[in-house]
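Start with how the two chains are arranged, then work down to single residues. Keep the model open while reading.

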There are 2 protein chains.
Amino acid sequence: MPQGSDTRRDVGAALRSASHVTIASHVDPDGDAIGSCLGLSHALDSAGVPNVVLLSAGDQVSATYEFLPGAERMKPPGQELDPDVFVSLDSPRLGRLGAAETAARAARTLIMIDHHPDAAKEGALNHFDSSAAATGAMVWKLLPDLGVRPNPAIATCLYTALLTDTGRFSYANTTPETLRLAADMTDAGAHPHDIYTAVYENRSASAQQLVGMTLSRVTLANRGRVAYSWVTDEDLTSLGARPDEAENLIDFIRTLGGVDAVLLAKVEQTTVRASMRAKSDVDVGGVARALGGGGHRAAAGFTHSGDLASLLDTVLPMLPGGRT
Amino acid sequence: MPQGSDTRRDVGAALRSASHVTIASHVDPDGDAIGSCLGLSHALDSAGVPNVVLLSAGDQVSATYEFLPGAERMKPPGQELDPDVFVSLDSPRLGRLGAAETAARAARTLIMIDHHPDAAKEGALNHFDSSAAATGAMVWKLLPDLGVRPNPAIATCLYTALLTDTGRFSYANTTPETLRLAADMTDAGAHPHDIYTAVYENRSASAQQLVGMTLSRVTLANRGRVAYSWVTDEDLTSLGARPDEAENLIDFIRTLGGVDAVLLAKVEQTTVRASMRAKSDVDVGGVARALGGGGHRAAAGFTHSGDLASLLDTVLPMLPGGRT
């Protein structure tokens with residue numbers, strides 16, 4: 001992709017000559033958002049470019065990613081609202097930056113780096129590559145353009161980005177290149193075992209009880225083609241679990257074989273938030289959009305006004321096996 | 001390791017000139033055992049060398065690995081007890097071959113290929129490499145010596161071996177080389193997403209309920225330094241789960257953070273089989289050996305005569321935090 005390489009060189013030049021760089025990613029930051037922000041921050045440190053990493057107001061680095069070098073750098077926007085260069089990472093639109101959007105729009109030079117297929121060119125420089133497994137992989141490939149050699153801090157942050165955005169090398173974006181980048185990052189000082197343990201084997205006792213409860217409730221519907229489960233606000237309270245500990249519960253439900261789709265319902269006071277994952281070539285994104293939500297073909301969600309029973313009455317007929 | 005390369009060349013020569021090859025691995029075959037046997041079988045097919053893969057009597061290919069190309073080839077020993085060349089894969093001792101041991105000892109040329117650190121040289125050719133992440137990785141590196149180019153069947157079987165023996169790229173044996181071999185196998189036609197889904201996201205409903213039940217029971221002991229859970233024969237019966245579906249339950253328990261060791265007890269009629277995993281630098285192998293069992297420093301097990309309560313009374317004082 002020659003255009004991409006050109007843009008990458010321009011991005012590298014703009015960053016190297018910046019007097020100050022502000023880095024931010026989308027609200028509710030995941031491993032790729034946090035990892036790519038911190039990876040770029042460490043790289044700019046190496047290049048001698050002063051930089052800060054903004055977190056959207058109201059967000060915090062989840063406990064899962066506190067092990068990353070530099071995690072303490074991520075802070076909500078303060079007085080630094082007039083940056084020279086602003087880099088938006090892993091965010092397809094500036095509107096997804098939350099409170100950091102103001103700083104982005106105030107910057108002299110705005111750079112967007114993203115791998116989402118629907119990314120909108122809102123920057124002065126837009127480095128987009130939807131074939132990249134993670135935005136962290138794009139940051140890694142930017143290092144030569146920054147004149148920076150990888151170091152363990154950079155490698156650890158970007159390996160974490162790659163690991164989490166490929167579902168620990170399980171999604172279809174796990175290509176030979178993905179695995180070779182992971183190897184290169186490991187050569188540079190990332191420790192796969194330590195990172196895996198920190199991300200996937202560091203659950204709290206209450207979070208683990210929550211998984212157990214969710215799996216015990218898994219119910220087959222639509223003649224065995226759909227599986228669903230649920231957690232309620234009361235469950236979180238009774239187990240002493242934080243809401244963010246319910247985030248990846250659906251990944252446990254999807255370990256069930258033989259179904260076309262899985263659904264997790266998070267039951268709140270008057271609404272239910274539903275997450276869906278396709279396990280065959282089912283378009284759960286279309287179902288979500290029809291119910292006012294959104295997402296991808298294989299991973300989507302929506303919010304339903306009502307209780308669990310009415311949610312199931314609404315959504316199950318729209319999923320495989322739901323109509324005769 | 002020049003000696004290893006020499007041996008590998010000798011192994012390749014012996015296999016290419018064989019009139020017939022019998023392949024087998026250890027009893028209770030795991031992903032590396034099955035994957036490396038089938039990978040070598042496909043490679044010998046490509047080399048035009050007739051071959052069979054033996055399964056130990058009483059064993060069967062678990063449903064998890066039935067997706068592997070050639071899985072139907074694996075059969076208990078029949079009349080083929082006088083092989084030209086016999087290859088023992090992933091088995092540190094011939095005694096671990098179960099019913100296939102007889103054929104191994106009757107072979108004109110016996111070859112052992114293994115990555116366990118305690119492998120015993122019982123073959124005419126012993127190709128051992130304890131730095132290999134999986135025996136499947138050793139088979140992959142043998143392909144040039146066999147004059148065989150990788151194909152999708154070989155790559156799928158050996159990627160599965162590598163994936164499972166590295167705990168999906170989570171264990172300390174996940175090195176840059178491990179990840180590059182996985183990349184090469186993917187180039188050759190292994191599909192990481194499909195293989196991951198088949199191995200890790202294809203549980204039966206009863207197996208999933210079993211995970212839920214086990215996680216719901218997780219209990220902290222030894223001032224929070226040890227977590228344990230249990231399943232009983234009655235649990236398996238009531239959920240309709242097969243015994244092999246309880247095999248990797250401990251991997252779910254170990255997702256708990258902040259503990260030094262985890263223990264899963266499988267409660268049978270008059271005995272309890274205990275599995276332990278270290279999460280810090282604890283030698284659970286030493287504890288297991290002291291109780292008549294065995295294993296590695298980080299993964300070990302033993303069988304206790306008595307019930308769950310007496311097991312816990314016995315083992316907990318020997319684990320971290322158990323003595324004041």
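Predicted model: local features only at pLDDT ≥ 70, side-chain atom pairs only at ≥ 80, totals over all residues.

Begin with chain A. Chain A splits into domain 1, residues 2-200, and domain 2, residues 205-318. The centres of domain 1 and domain 2 of chain A, taken over C-alpha atoms, are 30 Å apart.

Now bring in the second copy. Two copies of a chain are related by a rotation about an axis and a shift along it.

Next, the contact itself. Chain A gives 36 residues to the contact, and chain B gives 36 residues. On the side of chain A that touches chain B, three helices each supply at least two residues: α6 (176-187), α7 (192-200) and α8 (205-216). The largest share comes from α8(A), with 8 residues. By type, the residues on this side of chain A are 17 nonpolar, 13 polar and 6 charged.

Follow helix α8 over to chain B. α8(B) covers residues 205-216, 12 residues in total. From first C-alpha to last, α8(B) reaches 16 Å, close to the 16 Å expected at 1.5 Å a residue. Is α8(B) mostly covered or mostly exposed? It is mostly covered: 9 of its 12 residues are buried. The buried residues of α8(B) are A207(B), Q208(B), Q209(B), L210(B), V211(B), G212(B), M213(B), T214(B) and L215(B). What do they pack against? Across the contact, their partner is α8 of chain A. Within chain B, they pack against β7 (226-232), α9 (233-239) and α10 (249-253).

Turn to the sheet of chain A. Strands of a sheet pair through backbone hydrogen bonds, either parallel or antiparallel. This sheet is open, has 6 strands and shows mixed pairing. Its order in chain A is β6-β7-β8-β9-β11-β10. At the edges sit β6 (219-221) and β10 (294-295) of chain A, each pairing on one side only. Inside the order, look at β9 (271-278) and β11 (299-305) of chain A: the two strands run antiparallel and are joined by 7 bridges. To find one of these pairs, pick A274(A): its bridge partner in β11(A) is F302(A).

Last, a backbone detail. Most residues other than glycine have a negative phi, and most peptide bonds are trans. F169(A) has a positive phi, near 60°, and is not a glycine. Where does F169(A) lie? It lies in the loop between α5 (152-165) and α6 of chain A. F169(A) is buried, because 25 other C-beta atoms lie within 10 Å. Chain B has its own entry. Phi of F169(B) is near 60°, again positive in a residue other than glycine. F169(B) is found in the loop between α5 (152-165) and α6 (176-187) of chain B. F169(B) is buried too, with 25 other C-beta atoms within 10 Å.

Technical notes:
Residues numbered from 1 in each chain as written. Chains lettered and ligands numbered in written order. Contact = placed C-beta atoms within 7 Å. Helix = DSSP H or I, 4+ residues; strand = E, 2+ residues; numbered from the N terminus. Nonpolar A, V, L, I, M, F, W, Y, C, P; charged D, E, K, R; others polar. Expected span 1.5 Å × (residues − 1). Buried ≥ 20, exposed ≤ 12 C-beta atoms within 10 Å, placed from the backbone. Domains from an automatic or database assignment. Pairing = 2+ DSSP bridges.
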